[in-house]
Every structure is written in structure tokens, then in C-alpha cells.
Amino acid sequence: MTEGALTPSQQRVREGLLAWTEPRPPVDPALAARLREQLSEATAEAAEALPDGAELFLSKSKLDALSCDGRFVDFLEGEFTWSAPIVKGQLAHHGIEIDFAGGRQRDPAEVIDVAWERLVTSGSSAATFLESLDGAEADALRGQARGLLTGFREQFPALPDKKVHPEDALRVRLHGGRLILSGRPDLRLGGPTSDVRRMLLLDLKTGGRHSLRHLADMRFYALLATLKHDVAPFRVATYYLDEADWDHEDVDEGVLEAAVRDIAAKAPRAVALEHDRPPEEEWRLLAAPHCRWCGRLPICPAAAEAGYVPA
Ligand code: SF4
């Protein structure tokens with residue numbers, strides 16, 4: 001990646017986000033084993049509390065929802081609803097992945113058509129939503145996704161195909177499979193090597209910036225990637241397409257231990273709410289900006305008291 005051929009935004013990403021010319025931290029070959037042991041110890045009680053034959057599956061969305069009991073119950077029982085902004089984001093994500101794989105040689109409209117087809121044939125309820133759109137609505141969504149892809153090309157430098165790994169599936173099994181942690185960051189740049197840490201995990205966002213929530217998501221991914229690859233990423237980041245800007249955190253043992261503590265603190269509550277749910281009056285409710293995405297908002301006393309219920 002030669003500096004001279006880059007746009008000013010691409011240069012900013014190259015230096016500020018990718019830290020292209022900065023030395024990478026050394027690998028600690030014993031780190032993954034230490035973290036696995038810590039995580040195993042810290043979640044043993046939650047695993048033991050599971051009913052016979054049950055397993056606890058935790059993703060970044062479930063961990064995020066566990067900040068409020070009501071929101072977690074809504075996550076478990078509510079129905080996911082597709083909307084135009086969500087579809088636009090999905091098309092842009094898929095389009096960016098396809099674009100990296102194709103070396104940015106194709107017309108953005110063609111790339112988005114492929115991304116559209118991928119959503120239609122994904123077997124998810126997205127297909128039903130897409131089929132419900134009339135021609136003009138579908139064209140508008142394609143156009144918005146194409147705009148995001150074109151903008152990303154202008155903002156983010158092209159990278160060698162072998163350095164870009166879209167949707168690296170990360171899964172950690174503990175306690176004989178009774179606890180499963182799973183995640184899939186949008187992009188993994190670089191791979192595990194034995195001398196220095198070169199991996200950067202990146203999530204792409206088309207909506208607003210929610211720094212604390214997204215930081216927790218990326219710490220979770222950093223932990224899973226460390227346990228999967230036996231090498232920690234050197235950095236995690238959330239890239240906001242609408243802003244051409246990002247939040248990042250350099251990963252060290254303290255960051256990974258914070259992810260362990262977060263999982264350990266939430267796993268017992270997840271087990272209780274999934275398998276031995278207390279009565280509603282004993283739920284721990286936390287009214288916060290996340291109420292806006294909660295299906296219980298219209299009936300929630302805590303949200304009403306905090307002024308989050310729309311008039
Ligand atoms: S509306 Fe807010 S406080 Fe109420 S259950 Fe949902 S997230 Fe929790």
C-alpha cells in the first residue's frame with residue numbers, strides 16, 4: 001500500500017487505524033491458556049446451575065441485552081423485525097466483503113446486486129422483507145447501499161486479498177460444551193503469526209456511535225479470537241461508515257481480562273432468566289438509551305419513570 005496513491009481519508013485510516021508503519025507487540029504464547037483457565041473458573045458456577053442437558057449460548061447481542069433483565073427477556077422472546085435501515089446496513093456489509101474479495105474491480109452496482117441476492121437466498125426472514133418492497137423502494141435501498149460502498153472505497157485503503165478475512169467465525173466451548181461463546185466480527189485484517197501480533201478486528205457500523213456498547217462488543221471478539229487463534233489481536237476497532245471515523249482500542253491482557261469479567265458477571269443472570277426466571281417484580285431493570293430498541297418499552301415502569309417512553 002503506497003502512501004502516494006491514497007486519498008487523504010485513506011491515508012488517515014492507514015496511519016491512524018491500521019497503524020501501518022508502527023511496530024506490532026510481541027506474542028505472549030501462554031496468554032490464551034491463562035485466559036481460558038480464568039474464564040473457565042469464573043463461569044463454573046453458572047455452568048453448574050444449568051439444568052441437566054441444557055447449554056448456555058452467549059453472543060455479543062445477548063451479553064449486551066443482559067444489561068437489563070427486561071431487555072434480555074425481550075431479546076429471548078421478541079421477534080426480530082427487518083427494516084429498511086437494517087437491510088441497508090446488511091447490504092453494505094456484504095458488499096464491502098465482496099468488494100475486498102474481488103479487489104475492488106467490479107462496479108459498485110454489480111457488487112450490491114450480488115449482496116442483495118445473498119440476502120434473498122440466505123434463508124432468513126430478510127427475504128420476506130425484500131420481497132415485500134415495491135420496485136422503487138428496492139431501488140432506493142440498493143442506491144443507498146451502493147453509496148455506502150462507494151464511500152467506503154474512498155475512505156478505506158484497498159488491502160491485499162490475503163490480509164482480509166470477512167466474518168471470521170469465533171466459537172469457544174467450555175465446561176464440556178455447556179457454555180458456548182460465539183461471535184463473528186465483520187472483518188479480521190491479518191492473521192496469527194508466532195512472533196508479533198498483527199491481527200486487527202473490525203466491525204462496520206452504518207448507524208450512530210454507541211462507543212461503550214461497541215467497545216464491549218469488540219473486547220468480547222478480542223477474547224474469542226485470542227482463544228481461537230492462540231494469539232491476541234493487536235487492536236480492535238469499530239468503523240462508522242457515515243462518519244468515515246472510528247473508535248479503537250489496543251489489546252493487552254487487561255482488556256482481555258475485562259472481557260472475562262463481563263462474561264463472568266452476566267452468565268449467572270442469563271442462566272436464571274432462561275431457566276429459572278424470577279417474577280417480573282424482581283427483575284433488575286436498567287433504563288438507559290438502549291430502551292429505544294426494547295420491545296418492552298411501552299409497558300416498562302422503569303423506562304416511564306426515567307422519561308424514555310415516547311409521548
Ligand atoms: S424499556 Fe428499558 S428498562 Fe425497560 S425493560 Fe426495556 S431496556 Fe429495560
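The crossing of α2 and α9 is left-handed (left-handed if the near helix is turned anticlockwise from the far one by less than a right angle, right-handed if clockwise). This is a predicted model, in which local features need pLDDT of at least 70, side-chain atom pairs count only at pLDDT 80 or more, and totals for chains, interfaces and linings use all residues. Residues are numbered from 1 along each chain as its sequence is written. Helices (H or I, at least four residues) and strands (E, at least two) are DSSP runs, numbered from the N terminus.

**Helix pair α2 and α9**

- The axes of α2 (residues 31–49) and α9 come within 9 Å and cross at roughly 120°; axes are lines fitted to C-alpha atoms, for helices over the stretch in contact, and angles run from 0 to 180 degrees between N-to-C directions.
- That angle makes α2 oblique to α9 (under 35 degrees is roughly parallel, over 145 roughly antiparallel, 65 to 115 roughly perpendicular, and the rest oblique).
- On the α2 side, L31, A32, L35 and R36 meet L223, T226 and L227 of α9; contact requires C-beta atoms, placed from the backbone, to lie within 7 Å.
- By class, this contact of α2 with α9 has 5 nonpolar, 1 polar and 1 charged residues (Ala, Val, Leu, Ile, Met, Phe, Trp, Tyr, Cys and Pro count as nonpolar, Asp, Glu, Lys and Arg as charged, and the others, Gly among them, as polar).

**Helix pair α6 and α8**

- Helix α6 (residues 108–120) packs against α8 (residues 135–155) at about 120°, with the axes 9 Å apart.
- That makes α6 oblique to α8.
- The crossing of α6 and α8 is right-handed.
- P108, A109, V111, I112, A115 and W116 in α6 meet R142, A145, R146, L149 and T150 in α8.
- By class, the contact of α6 with α8 comprises 8 nonpolar, 1 polar and 2 charged residues.

- An open sheet of 3 strands has the order β1-β4-β3, with mixed pairing; strands pair if DSSP finds at least two bridges between them.
- Its edge strands are β1 (56–58) and β3 (170–174), each pairing on one side only.
- Neighbouring strands of this sheet are turned by 15° against each other on average, direction ignored.
- β1 pairs with β4 (residues 179–183) in the parallel sense, over 3 bridges.
- F57 has I180 in β4 as its bridge partner.
- Helix α9 (residues 211–229) lies across β3 and β4 and runs at about 75° to β3.
- Helix α10 (residues 253–275) also packs on the sheet, touching β1 and β4; its direction makes about 130° with that of β1.

**Five-stranded sheet**

- The order of this open sheet of 5 strands is β2-β5-β6-β7-β8, and the pairing is mixed.
- β2 (164–166) and β8 (245–250) stand at the edges with a single partner strand each, so one side of each is left without a neighbour in the sheet.
- On average, neighbouring strands here are turned by 20° against each other, direction ignored.
- β6 (residues 200–205) and β7 (residues 235–240) run parallel, joined by 6 bridges.
- L201 stands opposite V236 in β7.

**Ligand shell**

- The ligand is surrounded by 14 residues, the closest being C68, G70, C291, C294 and C300; a residue is near the molecule if its C-beta atom, placed from the backbone, lies within 6 Å of it.
- Elements giving two or more residues to this shell are α4 (69–77) and α11 (301–305).
- By class, the shell around the ligand has 10 nonpolar, 2 polar and 2 charged residues.

Note on methods: Two residues are in contact if their C-beta atoms, placed from the backbone, lie within 7 Å.
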